[in-house]
Amino acid sequence: MLIHNATFMVEPQRGAEFLEWFAPLAHKAGPEGKSRLSVMRQAGGAVAGEAQALSVAFQGEFDTMEEIELWTSKRLNPLVAAFQRRFAPDAMVFTSIFETIF
């Protein structure tokens with residue numbers, strides 16, 4: 001199984017606004033029954049989202065790279081563009097792909 005991860009980061013003062021805006025959009029954009037949205041609560045012993053950026057991981061599960069590429073072009077890229085229009089320049093997103101090994 002392949003897991004596509006997109007981590008969205010926003011300034012802490014806009015965290016609640018971001019989550020309210022993003023959660024329903026991510027729910028619609030995620031692969032049916034194979035996605036999750038997670039908020040980082042601690043990093044390096046520090047509570048996340050207070051003095052540092054709020055990080056939200058949007059993950060989807062896929063069987064092939066082709067499925068990821070299709071989903072990325074049709075669903076994720078428009079979501080990222082909307083995120084950048086609304087929250088930039090004080091926000092960022094980065095992506096990674098993991099393969100489950102056990």
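**Entry 1**

I located Glu-67 in helix H2, which spans residues 65-87; helices (H or I, at least four residues) and strands (E, at least two) are DSSP runs, numbered from the N terminus. The model is predicted, so I note that local features need pLDDT of at least 70, side-chain atom pairs count only at pLDDT 80 or more, and totals for chains, interfaces and linings use all residues. Residues are numbered from 1 along each chain as its sequence is written, and side-chain values use heavy atoms, with hydrogens and water left out.

I found Glu-67 to be partly exposed, at a relative accessible area of 35%. The classes are buried under 20% relative accessible area, exposed over 50%, and partly exposed in between (1.4 Å probe, protein chains only).

**Entry 1: Thr-7**

I placed Thr-7 in strand E1, residues 2-10. Thr-7 is buried, because its relative accessible area is 10%. Its side chain joins that of Asn-5 through a polar contact of 2.9 Å. A polar contact is a pair of N or O atoms within 3.5 Å; within protein, one must be able to donate a hydrogen and the other to accept it, and residues adjacent in sequence count only if both atoms are side-chain atoms.

**Entry 2: Salt bridges**

How many salt bridges does a search of the whole structure find? I recorded three, a salt bridge being a side-chain nitrogen of Lys or Arg within 4 Å of a carboxyl oxygen of Asp or Glu.

I took Arg-14 next, in the loop between E1 and helix H1 (15-29). Its salt bridge is with Glu-17, the closest N and O atoms lying 3.0 Å apart. Arg-14 is partly exposed at 26% relative accessibility, and Glu-17 is partly exposed at 31%.

Glu-17 also forms a salt bridge with Arg-86, with 3.3 Å between the closest N and O atoms. This pair links distant parts of the chain, Arg-86 being in helix H2 and Glu-17 in helix H1, 69 residues apart. I noted Arg-86 as partly exposed, at 39% relative accessibility.

Glu-61 forms a salt bridge with Arg-36, the closest N and O atoms being 3.3 Å apart. Glu-61 lies in strand E5 (residues 54-62) and Arg-36 in strand E2 (residues 35-39), so the pair ties together parts that are 25 residues apart in sequence. Glu-61 is partly exposed at 22% relative accessibility, as is Arg-36 at 33%.

**Entry 3: Pro-89**

Which peptide bond is cis, with omega near 10 degrees? I identified the bond from Ala-88 to Pro-89. Pro-89 sits in the loop between H2 and strand E6 (91-99).
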